[in-house]
Number of protein chains: 6
Amino acid sequence: MPYVNIKVTGGAEAPTPEQKSELIRGVTDLLVRVLNKNPATTVVIIDEVDMDNWGVGGKTTTQRRQEAG
Amino acid sequence: MPYVNIKVTGGAEAPTPEQKSELIRGVTDLLVRVLNKNPATTVVIIDEVDMDNWGVGGKTTTQRRQEAG
Amino acid sequence: MPYVNIKVTGGAEAPTPEQKSELIRGVTDLLVRVLNKNPATTVVIIDEVDMDNWGVGGKTTTQRRQEAG
Amino acid sequence: MPYVNIKVTGGAEAPTPEQKSELIRGVTDLLVRVLNKNPATTVVIIDEVDMDNWGVGGKTTTQRRQEAG
Amino acid sequence: MPYVNIKVTGGAEAPTPEQKSELIRGVTDLLVRVLNKNPATTVVIIDEVDMDNWGVGGKTTTQRRQEAG
Amino acid sequence: MPYVNIKVTGGAEAPTPEQKSELIRGVTDLLVRVLNKNPATTVVIIDEVDMDNWGVGGKTTTQRRQEAG
């Protein structure tokens, strides 16, 4: 019955449907392997966060990407 | 002062404004009834999650819906 | 497949096991009634938050309770 | 390494990119000042929630705004 | 910069320190492999939820375990 | 009506009651200043996360602290 929430940047950096599927399968397999959890009740939710809405080091990701050129 | 977050699938399965209103009223009433909480400070947030972004059993909901035909 | 997270104050205000059970049943029934969701895959998680760790109006709940006398 | 999630109403009440940047900088500075945390690993995520999806007092924000006229 | 939150049941079912370490390494590696994310800024937080506080199918995990005998 | 969740490491690194109070006041003031939000309905919740349960760079904070000597 694990619940997993994965937050990654969206927009131009958003994962493709295939990558989302791979993340969901991968983290479900990980929980089976490490904790023997039941995959049928393992819930995984992926959130895509806009780069203006994600900050690290006191700056938005948009600002950081612009500064990184 | 309770805080409630309800995550459901969005897109074609998204709740209507009326259903969202009913969920908010219903969960607020539940917290009044069970824990005598003050409705005026009960916060309810509903998240609608894309079916590609919600996985159960190692598969996305999109995949599961397709397989269910 | 809904996911519901309920946060309430813990410590002296923590819900009893019976109240937690009632909250879980109540919110699951609400999602069946309003959105016809499958109760078997409806996940509800209750978090009990210490009163020092919950703030409203710029003050901790501990402070607010002391001021309310 | 703090993680901060700020949820505010979106739509017509959504913060501008400049306001988001100010929130990210402000909360990062606060964590440096109060807890001497490393800004370089302080993550801040802002969620903008639709007014139909945010309830207080058993009503959606949309309903509350309409009633407030 | 991904952020991952893993919620699993605690108490008698809580993961060991070694299992937590394995989950953190595994999900970080998964994000490197699938999305080429930087492990140095990948944050993983594991929450252990009491079995009275985790409900599925309208019942607490404690109830479900008792019924499963 | 903003909702803010601040997660920091707990245990030996846990904030004191005074620091929690300062964080709550500080982030509430920030939301008043930047977005003119009503402090009376601004909810702030602080989570203290065990160092075994918080991973960065594929390692738990416990491991990272030991390696940093």
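Student: In E3(F), which residue is the bridge partner of Val43(E)?

Tutor: In this predicted model, the bridge partner of Val43(E) in E3(F) is Val56(F).

Student: What makes E2(E) and strand E3 of chain F a pair?

Tutor: Pairing requires at least two bridges. E2(E) and strand E3 (residues 54–56) of chain F have 3 bridges in the antiparallel sense, so the two strands pair.

Student: Why is the link between Glu22(E) and Arg33(A) called a salt bridge?

Tutor: The cut-off is 4 Å between a side-chain nitrogen of Lys or Arg and a carboxyl oxygen of Asp or Glu. The closest N and O atoms of Glu22(E) and Arg33(A) are 3.2 Å apart, therefore the link qualifies as a salt bridge. The count between chain A and chain E is 2 salt bridges, whereas between chain E and chain F the count is 0.

Student: How do you know that E1(A) pairs with strand E1 of chain E?

Tutor: The rule asks for at least two bridges. E1(A) and strand E1 (residues 3–9) of chain E run antiparallel and are joined by 5 bridges, so they are a pair. Within this pairing, Asn5(A) stands opposite Asn5(E).

Student: What buried area do chain A and chain E have between them?

Tutor: Chain A and chain E bury about 2,200 Å², 71% of it on carbon and sulfur atoms. For chain E and chain F, the buried area is about 1,100 Å², with 53% on carbon and sulfur atoms.

Technical notes: Residues numbered from 1 in each chain as written. Chains lettered and ligands numbered in written order. Predicted model: local features only at pLDDT ≥ 70, side-chain atom pairs only at ≥ 80, totals over all residues. Heavy atoms only, no water. Buried area = accessible area lost by both parts, 1.4 Å probe. Helix = DSSP H or I, 4+ residues; strand = E, 2+ residues; numbered from the N terminus.
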